[in-house]
Each structure stands twice: as C-alpha cells, then as structure tokens.
Amino acid sequence: MTVNVSAVVLSHDEPVSLTRVLDQLSKQTISPSRILVVDSSKTQAAPTSGFETLKLNHRTSFALSIEAAVKHLATDGYIWILHDDSAPDAQALEKLLKEIELSPSLAVVGPKQVDWDDPKLIKQMGLTLTRGGKLFSRVRGEFDQGQHDHLEDVMAVGTAGALVNLEKYRALGGFDPKAPPLAADVDFSIRARLSGGRVAIAPDSKIAHQMLSMNGKRSRSWLGGSPAQAIRHAEFYLALSYASFLGFVLGWLSLVPFAILNSFLLLVRKRAGSIPAELAAAATTFMQLGKILSSRARIRRTTSARLRSLASLRATRQEQKSSNQRAKDQEVSAQLLAAHARGDNDEITQSPNSGFLSSGAIWFALGLVALNVMWLPTNFAVSGSGVIPLSSNWLEVFGQAGSMSQSLGLGFVAAADPFSWVLAIVSAPLFFQPSLAITIALFLSSAIAFTGMFLLSGRITRSNPLRITAALTYALWPALTASVTDTRIAQVLAIILLPYLAHSIAKIADLGISNPGSFVSTWSQVGVSGILLALIAASSPVLGLTLIVLIVGLAIARTSKLMPLLFSTGLTLVWFIPVALERLNSVSPLAILMSPGAGSPSALESNWTLPFFGFGFDSLAFGLFVSVPVLVLALVALLTPGAKSALGLWVVAIAALAVAFVGAGVNFTFGQVTSVNLELNSVLALYGLAIIAAFLQLSAASQALRSIAISMVLVLGIAPAAFAMATNPPTVSYSDGRTVPSIIQADADSGMFVRTLKLGAGEDSVSAELIEGSGVKLEKLSTAFQIANSGLSDENPQYPVLGQLVANLVSANGADVLTPLEEFGISYILVFPADRDLQMALDSTRGLESIGETDFGQLWKVQSVTSEPKVSELDFAPTKILSLGVLVLYVLLALPTSSIRKRNGKESAIFVDAEENN
Amino acid sequence: MIFRILSFAFISAVLVAGLVLAPAVEYKVEFDSASGSYSVKPADLSLVCPGPLFRSGGDSGTNLSKIERSGTADLYYTADGSGELAQQSVSGSDNSNIELGGSRVFGSSAISDATSLTNINANEDSAQGSSVLTGSSTQLSAIGSMRGLAAASCQQPSNDFVIVGGSTLAGREALLVLTNPSPIDATADLRIFTDLGEVTVSGLSGISVPAQSTTAVSLASFAPTVPALALQVQSQGAKLAGWIQARSVRGTEATGVDWISPNHQASASPVLPGFVIRGTRVINQTLSSEENSDAGHALRIFAPEGANVTVQIVSSEADIFGAVFTGIIEPGTVSDFPIAELKDGNYSVFVSSDKPVYSGLRVARGNPGASPRLDFSWVSPADELVSNRVVSIPSEGDSILVLANSGPASSTVLVQNLRSGASVRVLVPTLGTATVDLSGPVSISQAPGVFATVAVLIEGQISDLDVRDPRNLGSEVTVRFR
C-alpha cells in the first residue's frame with residue numbers, strides 16, 4: 001500500500017531534543033514523503049538545516065500551527081504530527097501505516113508513547129475520559145512487557161506521533177483553535193469518532209516522548225498556566241463543550257462554586273497543591289464563554305452524535321481503581337527509594353531501639369506518673385487554684401466554644417476565649433464526664449510531655465539514653481512543674497502539646513532526621529500542626545504569638561515549604577479572629593495575650609534569673625536546678641559538630657527568652673482591686689524545649705562527652721526535680737464536679753433557670769457575682785468579661801440596680817430587696833467565704849430563708865422567686881460556624897492517611913507527576 | 001571550628017548581655033475595676049424595752065415549766081425627729097403611733113409585754129441616736145417571791161451580744177429573756193461561761209425565738225448551781241434584744257431582782273459608773289451569814305482570752321479613797337471580785353486589763369425599813385460619751401447620773417433637763433467620778449473620756465439605766481462585680 005505521508009514537526013524552543021527528533025525521523029524504515037518543521041520558537045533557532053521549515057509567530061497555538069502546516073503542504077493523504085520532544089522509533093511510521101493498511105477507516109492512529117530515556121517504560125497509550133469527565137490514561141509508567149499491546153480502539157490519542165487522515169482532518173475543520181492546548185487533541189479525536197472515524201493505537205509503533213509541557217519544562221504561556229491548571233482547564237472545557245444545552249448552562253453557572261467545593265475536597269484528600277490549579281482553571285473556563293460556544297458550534301457542524309455514544313470507550317471504575325492503586329504503589333516505591341538513597345535504612349539497622357516501647361522509655365513515663373501518686377485522682381473533677389470543673393454536659397462545653405453570648409454577670413455579648421475550643425476538644429473523648437478529661441490531662445501531664453519530647457528527640461538523635469534524658473528533662477522542666485503545682489490547666493496543656501507541635505512542624509519543614517517507613521503526607525502534618533498550634537495558642541496566647549512568628553520565619557527560610565507552614569497557622573488565626581477584632585477595636589491590643597482559664601499567672605522578674613525561673617542561691621527549690629546544667633550543656637553543644645543545628649535552636653531559645661523578658665514587665669490592672677501578669681511559663685517552656693533540643697545535638701559529640709552530659713543532667717537536674725515533684729504535690733481537691741450547692745445543682749439539672757447571687761466580704765468592699773445555673777465552670781470563664789465588665793457596669797443600667805441591691809442586702813437596712821431580687825430572678829444567695837456579718841445581715845432580711853452551711857458557702861433561698869424552666873439553645877454564631885468548619889477541615893486533613901490517601905479523588909492519573917511537581 | 005567558636009561566643013554574649021544589661025520593661029495595661037459605691041439608707045431606729053418581769057414556777061413557785069409575766073412595767077420614752085414614733089407591743093396586741101416633727105415628745109405608759117419603739121418614715125437624711133429616740137422601763141416588783149426594782153434602758157436588737165451577770169446557786173435565778181420584735185423568726189445559740197469555763201451541754205443551740213415574741217429560758221437548766229455566769233447569744237435570722245433577769249431569794253425572803261443588759265463590746269478598759277452604795281450596814285449584816293456571801297457588791301469579769309486586771313474604785317467624794325485591787329482571770333472563765341468595806345456613797349469602777357474583757361458590776365442596796373431589805377442592781381459597762389446623749393428617767397424615786405472620767409484631763413459635762421430646760425455643768429476630774437441628781441429626762445453633752453450610768457433608786461430599791469446612743473449607720477458600700 002502506498003500512501004502519502006507528510007511529517008509535521010512542531011518546534012518550540014527545544015533545539016536539543018528537536019535534533020534527536022529530526023535524527024530519528026531521518027532513520028525511519030519508511031520515510032515520509034515530506035518533512036515540514038513548523039518553527040514557532042521565540043528565543044532559540046531550531047537546527048532545521050536540510051529540512052523544509054515553516055516559521056510561525058511564537059504565540060501561534062498548536063491548532064493553528066497544524067492548520068498552517070496543512071495549508072503549506074497542500075497535499076492529501078496523512079500528516080504525521082511530531083513534537084520537538086517526541087522522537088519516533090525507526091519503525092514508528094511503518095507500524096502506523098500498517099495499522100492504516102489494516103483499517104483504512106482510521107481517522108487518527110497514535111503510537112505507544114514511551115519514556116524519553118527508557119524505551120521500556122510506557123508513558124501513554126491513548127487517552128479517554130472518566131465518567132466524571134476527567135482525562136485518563138489507561139497505561140502510565142508501566143514497564144512494557146507487551147501486556148497492553150492488545151489495545152487498539154481508544155477514545156483519543158495524543159498528538160505526539162499521531163498519524164492523521166487529512167481527508168478527515170479537513171472534514172472536521174482541523175483542530176479546534178479555540179480549545180485549550182490539552183483539550184485540542186482529545187476534542188479532535190472525539191469529533192473524529194463521533195463522525196464515524198476510528199481512533200486507535202498502534203502498539204508496535206513507539207515514540208519516545210519527553211512530555212516537556214506536562215513536566216513543566218516549557219514556558220507557562222505555552223500551556224496557558226501550570227500543567228495541572230492546563231489539565232483542569234481542558235477537562236472543564238471539554239465537559240462544557242460536549243454537554244447538552246441544559247448541562248452546559250448549569251455547568252457553566254456552577255463552575256466556580258463547584259471548584260471551590262472541590263478545593264475543600266482536595267484539601268481533605270491532602271492534595272492542597274492542586275487547589276490553585278482547580279480554582280484558576282475554573283475561573284479561566286468561566287471567562288471563556290465565547291470560546292466554549294464557538295467550540296460547541298464547531299462540534300455541531302461536524303457531527304450530530306452525542307458523546308454518550310462513546311460510553312464504552314470511557315474508563316471503567318475498575319480501571320480507575322487499579323490506576324489509583326498503581327499510583328499509590330509507585331509513590332511508596334519512590335519514597336522507599338528516596339529513603340534508601342538518603343541512607344535512612346542504614347540507620348534503621350544501626351539503631352533498632354528507637355521505639356517508645358523497645359527503648360524502655362515507657363518505664364520512665366510510668367515512673368513520672370508514679371511520682372504523682374500523692375495526688376492520685378479520687379473523683380472525676382479536679383479543682384485547684386488554676387482549675388475548676390467543666391460542665392457535666394459536654395454540649396454545654398461545646399456550646400461555649402466560639403460563642404458570642406456570655407452568661408457571666410447579667411450576660412453580655414463578647415467573643416468567648418478560644419480556650420473554650422481547647423476544652424471542648426480535650427473533653428470530647430470523655431463527653432460523658434468532661435471534667436475527667438481535665439483531671440487526667442493534669443495528672444498525666446508530665447508523662448504526656450515526656451512522650452512528646454521523646455518523639456521530638458527522635459528527629460535529632462537515635463541515641464536512646466540521650467532521648468530519654470531529654471524527655472525527662474522536659475517533663476521535669478520548671479515551666480511544667482510550676483504550672484502543675486499551680487494547677488493552671490491552660491498552661492499545662494500548652495506546654496505538654498508543645499513538643500508534639502515541634503515534631504509536626506519539623507516534619508513539614510523536613511528538619512532533622514526523617515522517620516523511615518512513614519509516608520504521612522505533608523498536608524496531613526499540616527492538619528496535625530494546625531490543630532496543635534491552635535490548641536497551644538488558645539491555651540497560651542503569648543506562646544501562640546511567639547510560635548506563629550517563629551513558624552512564619554521558618555516558612556520564609558524554607559520557601560519550598562512556605563505554603564504548608566503558613567497554612568498550619570490557619571486554624572489559630574480563625575479561632576482568634578473574633579477576639580482580635582473585639583480587642584483591637586475597643587481595648588488595648590495586648591489584652592489578646594491575657595491568659596485564659598482560672599487563676600492568675602505567677603509573676604517573673606526581668607533579670608538574670610529568668611532562664612532559671614527565679615532561681616536564687618538562697619533557694620532550696622530543687623525543681624529549678626535542672627535549668628542550670630541543661631543551659632550549660634546546650635552552650636557546649638555549639639562547640640560540637642552539631643553546632644549548626646544547635647545555633648538554630650539557640651535562636652529559637654533566645655527569641656522565647658526575649659519574649660519572656662519583655663512580657664515579665666507587662667501587667668494588667670483592674671482598678672485597685674486586682675492585677676494580672678502575662679502568662680510566661682509556657683514561653684519559658686519553649687525556651688526549655690529549644691535548649692533541650694540544642695543539648696541533644698551533643699549526640700554528634702564524643703561518647704565521653706555524651707556520657708558526662710547525661711550524668712550531669714541526671715544527677716544535678718533530673719534527680720532533684722523528681723524529688724521536688726514527688727514531695728511537693730499540687731494543692732488539688734477532687735469532687736463530683738459541682739461548683740454550687742446540691743439544691744441549686746438539682747434545680748439546674750432539672751432544666752430550671754436558676755440565678756444565684758454570690759457575695760463575699762472583702763476588706764473594704766463586697767464582691768458580688770451573678771451565677772447562672774450550675775455555676776461558673778471552666779469553659780465559661782472569659783477574659784472578655786474580665787476586661788469588659790467595668791464598661792458593662794457603666795453601660796448596663798441594671799448593674800447599678802444590682803449594686804444597690806447588694807449594698808442594701810449586706811447592710812440589712814430594711815430597704816426593699818425582694819422586688820429587685822425578683823426582677824433579677826435571683827433564686828439563691830450564696831456567701832463565700834463564710835462571713836458572720838453578711839450572714840447576720842441576710843438572716844435578718846425578710847423573705848430570705850436560710851438554708852445553712854454548704855460545701856460552697858452559706859446559702860439562702862429567696863422565697864418569692866421560683867425557678868422557671870430554662871430555654872436553652874446552642875449559640876451558633878457565624879464566628880462559631882466558621883471556627884468549627886475550619887476545625888473540621890483541619891481534622892479531616894490530619895486524619896490518618898492510609899485509608900484516605902488513595903487517589904480515588906483524582907481519577908485522572910494521566911499527568912499526576914506533573915501535578916505533584918507543581 | 002571557627003564557626004563553632006563564633007557561635008558559642010555569640011550566643012553566650014547575647015545571653016549575658018540580654019539578661020544582665022538589658023533594661024527591664026514596665027508596661028501597665030489599665031482597666032477600670034468593675035465596682036461601684038452605693039449609699040445605704042440606715043435602717044429605722046428601733047429599740048426594744050423588756051416589759052414586765054417574769055415569774056417562774058407559777059403561783060406556787062414549784063411549777064418549774066411555767067414562766068410568765070408578772071404585773072406591768074412603766075415605760076418612759078422621749079423622741080424628737082421626723083416621721084413617726086411607733087410604739088408596739090412585741091406580740092402586736094398594743095400599737096400606737098405618734099407624729100414627730102414638732103416639739104420633743106415625752107411619753108410613759110404601763111406595758112404588759114416587751115415593747116418596741118420605732119422611728120418610722122423618718123427623713124432619709126435625718127440623724128439617729130438617743131436624741132431621736134430613747135426609752136426605759138422600770139418595774140417595782142412586790143410579789144412574794146420577787147421583790148425589788150428592775151429597770152433597763154430600751155435596747156437596740158443585735159445578732160451577737162454578751163451579758164455578764166446572774167447566778168444559779170440555790171435561791172438565785174437567772175432567766176435569759178430574748179425578744180424578737182421583727183416579723184422574721186430567729187434561732188439563738190448560747191455559749192455559757194462560768195467560773196470553771198465554758199459549759200458544754202446539749203440544748204444550747206437552736207433556741208427558737210419566733211417572730212414578734214419573747215422567749216425566756218432558765219439558765220439553771222444549762223448551768224445549775226453556778227455562782228458566776230456570763231453568756232454569749234448569737235442569733236440567726238432576726239436580731240434579738242436580750243437580758244438576764246436575775247432574782248435572789250434568801251430563805252423565804254425575796255432579796256432583789258434586776259434586768260442585766262448586754263455589754264456593748266469587749267474592752268480592755270471598761271468603766272462602770274453607777275456604783276451607788278446605800279445601806280451598807282444591812283448589807284454587811286446579811287453578808288455575815290455564809291450562805292449570803294453573794295449579797296454584797298461584786299465586780300464580775302469574763303475574759304474570753306484570759307486577762308490580768310487592775311481595778312480602781314473611785315468615789316465622788318474627794319476625801320474617800322475607794323479601793324484598788326488586781327486579779328487574774330483564766331481564759332474563758334468568769335471571776336467575781338467581791339467589793340467590801342466601802343462606805344455609802346457614789347463610786348465608779350475603772351478596770352484596766354491586758355486583754356479585752358466583758359464585765360458587770362453587782363451593786364447591793366440595803367434598806368432596813370423596806371421590803372425587801374436587800375435589793376441589787378447589775379451595772380453594765382458604760383459607753384464613752386462621744387456624742388450627746390438623752391436618757392429617759394422614771395418620774396418617781398431618785399435617779400442619780402454617775403459620771404466617770406477615764407481621760408487624761410478633767411472634763412465638763414452639761415446636763416440639761418429636757419422638760420424644764422434647767423441645766424447644770426458638772427466637772428468630772430480625771431480618773432474621778434461625779435454625780436448629778438435627775439428628776440426627769442435629760443440630755444448629756446458629749447464628753448470624750450467620760451462615761452455615764454444612771455442609778456435609779458425607788459422606795460429603797462436600786463436599779464440602773466445604761467446611757468447608750470443607739471443608731472443605725474447609713475454608709476457607702478463598695479460593691480465589686482465579679
């Protein structure tokens with residue numbers, strides 16, 4: 001059979017590969033009758049001497065380039081389209097022509113596309129669409145063992161090496177010049193199919209394809225964006241072009257919302273890198289309404305058949321599933337190879353005892369728990385100077401998170417502390433008894449901190465003695481032990497979560513030793529670190545701010561991880577938006593940094609004792625000793641081979657110390673009555689974490705130095721600290737979680753609205769506190785109330801009435817108190833601490849019935865006030881919905897990836913490599 | 001290596017420089033405290049007068065569960081202010097209101113129950129005190145088992161007071177009389193102290209004093225045969241007015257009765273004027289019998305924390321020396337210091353203690369021509385005259401105002417009869433005493449350092465009236481919202 005074949009080589013700024021293409025072209029066993037090089041290069045001249053060349057403008061699209069070539073050739077028969085990165089096998093054309101010979105109805109026949117460097121690796125064998133309209137290649141990245149040589153009919157073929165029947169080409173009006181670059185070939189094939197032609201693969205014909213466009217190695221203008229964007233653009237374009245009219249209208253209108261929704265799904269599927277492409281492609285397609293209408297008209301001109309008639313050529317679900325699995329296997333293999341290349345496997349064999357159990361670290365963790373035996377929990381709810389019980393109903397704890405309606409005092413509108421999210425999250429696993437979660441967290445805090453530090457230390461050293469020493473040091477670091485002693489649960493939570501966050505951030509930024517065998521994606525770690533950072537920042541805003549600054553600094557230093565690192569701060573920012581907006585507008589911005597929860601942070605002095613927690617030579621505070629040897633050894637680490645890492649850690653330590661130094665001078669005063677310091681223990685925990693990590697750099701030092709260092713820390717630091725911890729238990733009490741007398745609790749439990757006026761006698765004043773329901777619980781404490789109630793008492797006219805009521809009550813002057821008590825709905829009056837004068841005053845007040853002494857003070861019932869059923873509803877403010885939504889997003893992002901990390905969300909595996917490289 | 005050394009030097013230098021040389025930052029973020037100051041209107045001034053004496057045992061004197069009022073008492077009062085004066089029998093059976101605002105009101109009536117005097121609807125800014133309202137009741141009892149004069153100033157109710165006096169030895173009776181004038185029920189808890197310390201028996205707490213009623217309890221049921229009593233009353237619910245009704249019977253002869261009023265407060269230097277001694281010969285005759293050892297004068301001191309006391313008795317006559325003695329009281333105990341060998345006359349007692357003490361002075365009155373031959377009076381420590389006082393005096397008998405000056409300089413006191421307007425200036429020497437005979441309600445001028453008690457002598461019997469200045473304080477209360 002003799003056919004006229006004209007080869008058209010498209011050249012675009014790739015002279016090196018073009019040389020190989022032209023060289024291979026000249027070696028064909030059946031030579032084309034003409035070879036035309038269509039050169040649209042912008043910068044580099046194509047080495048086309050000896051070849052017929054058609055020079056075009058560098059902006060000329062693929063479709064117009066082919067059209068120009070066809071016109072230039074002015075011939076019949078077939079054109080063989082070659083790209084400047086697709087070099088044909090010597091027999092490529094011969095095998096293609098053989099297919100033509102066997103099936104003259106072929107409109108387009110394509111070769112088997114193999115790897116540019118490895119001809120045994122198949123890159124592509126035809127294209128199709130999934131049922132979801134995504135581009136799909138049935139074969140991708142497989143070794144060629146002839147296993148796919150049975151494939152013939154396909155929906156479409158790529159244009160690299162495709163042999164196109166010119167008669168059909170002209171009948172179809174050529175490639176669609178309006179279509180995006182990656183849609184043009186598929187569109188042409190489909191139109192050829194729909195108009196009765198065949199589109200097939202000639203498996204014996206091979207072409208080495210470098211896929212420069214898909215690998216992002218051509219200028220972005222060639223594809224009109226990134227490869228991933230070009231693919232999505234092509235998919236959207238094809239979907240709208242071939243849709244029914246109704247489908248087209250609805251599809252076009254819902255394009256952007258769909259892309260936004262899909263972006264969330266991509267985020268959840270740890271494919272956040274694809275989001276910009278998704279959104280950009282949708283926006284671009286949306287703007288190309290005219291082009292799409294033009295393409296639809298072109299399709300209608302050439303065929304009346306519908307795309308659904310090609311349903312049998314679409315990719316099946318099984319094919320997609322298999323392709324996803326193969327992609328996953330390939331990724332795992334690639335990571336294993338990378339780990340092997342880094343020598344990680346060697347280290348595994350060298351240090352088999354790196355696990356928490358196998359290293360024996362668990363015994364030290366249990367030992368730390370044993371040190372707390374003197375304050376073993378005896379009931380559900382722990383109470384102390386810095387902790388009070390949570391509500392017994394988890395829904396109430398959750399209801400407070402992100403709420404804008406506060407029930408403290410006479411009620412007011414203000415954003416709840418982000419710490420209420422922490423409480424809701426921490427107590428969620430024990431929703432049936434939320435306070436128990438707090439009790440357990442406080443009791444096991446040192447063991448949890450130990451475990452976290454042990455985990456983190458694994459990224460610095462494989463030496464188990466060093467890791468255990470470091471973990472013990474952090475668990476007994478004065479920042480944590482002092483916070484536990486003060487029972488300041490917010491600080492404790494921030495400090496014990498800190499090493500886990502550091503570990504997660506280190507993984508994202510690829511700092512330290514990576515853990516072989518763990519293929520948790522970066523975006524999973526972003527989810528984990530986002531949640532941890534939010535929990536820590538909400539528990540200790542000062543530490544949160546410090547960490548955000550450090551993370552942003554790290555992101556700038558590690559630009560390759562910029563997006564994941566910045567994204568890890570997202571949840572924190574969302575949680576703090578309501579509080580930040582309120583305080584930036586109304587009060588001192590520094591009020592954002594006030595410590596949430598109960599109790600008042602202890603004061604520290606800005607002097608040389610700061611890194612030693614106020615340690616003095618006259619002090620017998622054994623627990624503070626540990627800070628001295630660790631500091632010295634962390635400085636010594638700067639002289640060891642690990643100096644570079646130690647220096648980075650010292651920068652973090654000094655930054656934390658500087659924040660603490662400045663913060664120690666900040667004081668919030670509330671009139672002459674109370675003053676509150678900034679909470680700095682957690683910042684000093686960050687300082688401790690950094691210098692302990694710097695201390696771990698001694699792993700690179702000599703064995704002798706390591707031994708001396710461990711001995712020093714154990715003897716001078718850990719032993720005294722452990723002794724102090726065991727012998728100075730915090731002052732805590734355990735209860736069933738009630739914070740009000742049983743009678744009030746019973747009313748509240750039965751769904752009644754109960755309001756209690758709590759009075760306390762001060763030196764020169766009477767304190768008055770209105771309590772709703774079952775009392776003030778930990779989640780209801782609010783820094784907003786602390787800083788706003790002076791304003792509230794000025795603005796809310798009910799406060800002066802309440803004040804006068806209290807004054808009359810405590811004076812027992814016979815003034816009418818029942819009317820205001822009834823108006824406020826105050827059912828009970830509680831006096832705490834017990835005060836004889838207040839008791840006598842209330843005893844002598846008509847209408848008050850003395851109930852007597854209770855666990856929570858002296859109690860009186862207001863006889864004329866009867867409790868009414870309470871109408872309770874969850875406050876779903878927009879800020880709460882936003883915070884909750886973003887939290888869910890991060891949780892989904894953080895979920896273990898083994899089950900979710902399938903490529904079931906990305907049916908098209910055609911250009912996966914290209915996408916991930918972006 | 002150079003990098004390491006430089007790193008070490010740099011970090012060390014930054015640490016040292018930062019921690020040692022950097023100036024401390026001071027930054028205060030100030031918020032207003034959520035507090036407010038509120039004016040509190042004083043409660044209406046209300047006084048409670050004890051009413052008639054109680055007779056226990058019924059007509060036969062043997063029915064121990066029967067305690068009932070005996071006869072009527074004479075109520076004297078005077079008021080001057082705004083609003084109305086409400087005189088109300090505690091049980092609510094007898095009420096009357098008198099408009100105030102014009103000239104001073106004087107009144108007297110026979111009462112058969114404890115009676116409250118209340119200044120109601122007074123102007124919010126009007127003052128309170130004895131010049132606005134004061135009253136006293138007297139009763140001369142002459143029934144077989146109870147003879148003598150019992151007088152008491154009307155008292156401002158309280159939640160916590162201490163009464164020193166009384167005995168439960170054979171022939172002696174001590175009834176605790178608690179009156180609750182308010183519409184709120186009250187329960188009283190008692191602590192009884194004797195010469196041996198605090199009595200711990202059941203039934204001392206939760207003594208019910210229903211609203212608008214009087215409860216009388218025999219202290220002998222808690223502390224029998226006790227020579228020296230002191231007790232603390234703490235009430236829950238309404239405030240109470242309280243007295244001990246002390247009665248003495250020697251053989252078959254009733255030898256006196258009196259109301260013992262509460263101490264105002266514990267003091268390290270209580271002063272007890274009103275030591276008016278009459279009939280010393282009869283007293284000494286009675287004292288000669290061993291069972292009548294308590295028939296004479298005695299100073300009783302209750303020292304909650306223990307005390308070393310020095311007692312000085314000063315006469316109004318410059319040529320009479322008086323007496324001085326010292327004593328030690330164990331913590332929580334009550335001690336009697338008998339006072340003998342003083343001639344008839346008017347005296348005051350100055351106590352100096354190293355610890356705050358409560359005290360009472362038992363003053364005996366002998367009268368050979370009267371029945372009973374002996375009567376007694378329990379004098380409570382007086383208040384310092386830091387403000388003008390008005391005292392209501394019974395119209396009959398002799399009343400003597402006894403002034404005592406514990407100050408460092410002599411002081412002059414203006415005493416004016418409120419009915420006649422006649423006045424007299426009395427010089428009270430330092431650590432001395434002076435007296436003024438009274439014939440009706442008087443005002444006593446303010447005199448810091450000076451203390452006053454009125455001794456009432458009627459028909460050869462004796463009693464006394466406290467000179468107090470009852471008032472409820474209006475105030476500013478600072479309320480801090482939390």
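**Where chain A meets chain B**

Modeller: Happy to! Let me start with the strands: S16(A) pairs with strand S1 of chain B (residues 27–31), running in the parallel sense over five bridges. Within that pairing, Val666(A) has Tyr27(B) as its bridge partner in S1(B). Please keep in mind throughout that this is a predicted model.

Now for the whole contact. Chain A contributes 64 residues and chain B contributes 49 residues. The size of an interface is often given as the accessible area lost when the parts come together. Here the area buried between chain A and chain B is about 4,700 Å², and carbon and sulfur atoms give 67% of that. As for polar links, eight residue pairs are in polar contact between chain A and chain B, with both residues at pLDDT 80 or more. The count of salt bridges between chain A and chain B, on the other hand, is zero.

Which elements of chain A give two or more residues to the side that touches chain B? There are helices H26 (627–636), H27 (643–663), H31 (783–795), H32 (798–811) and H34 (836–843), along with strands S16 (666–670) and S21 (766–772). The largest share of that side comes from H32(A), with 10 residues. By residue type, the side of chain A that touches chain B divides into 35 nonpolar, 23 polar and six charged residues.

Helix H34 of chain A leads us to Asp835(A), which sits in the loop between strand S22 (826–831) and H34. The side chain of Asp835(A) reaches two backbone nitrogens: that of Leu838(A) at 2.8 Å, and that of Asp837(A), which lies 3.1 Å from a polar atom of this side chain. Leaving aside neighbours within four places in sequence, Asp835(A) is in contact with Ala761(A) and Gln858(A).

Since you asked for something from elsewhere, here is a word on the aromatic rings. A pair of aromatic rings is described by the distance of the centres and the angle of the planes. Over all chains the count comes to 23 aromatic pairs. One of them joins Phe450(A) and Phe454(A), which are stacked, with 6.4 Å centre to centre and 15° between the planes. Why are Phe450(A) and Phe454(A) separated by about one helical turn? Because these two residues are four residues apart in helix H18 of chain A (residues 445–457).

Technical notes
Residues numbered from 1 in each chain as written. Chains lettered and ligands numbered in written order. Predicted model: local features only at pLDDT ≥ 70, side-chain atom pairs only at ≥ 80, totals over all residues. Heavy atoms only, no water. Contact = heavy atoms within 4.5 Å. Buried area = accessible area lost by both parts, 1.4 Å probe. Salt bridge = Lys/Arg side-chain N within 4 Å of Asp/Glu carboxyl O. Polar contact = N/O pair within 3.5 Å; in protein donor to acceptor, adjacent residues only side chain to side chain. Nonpolar A, V, L, I, M, F, W, Y, C, P; charged D, E, K, R; others polar. Pairing = 2+ DSSP bridges. Phe/Tyr/Trp six-rings, centres within 6.5 Å; stacked < 30°, edge-to-face > 60°.
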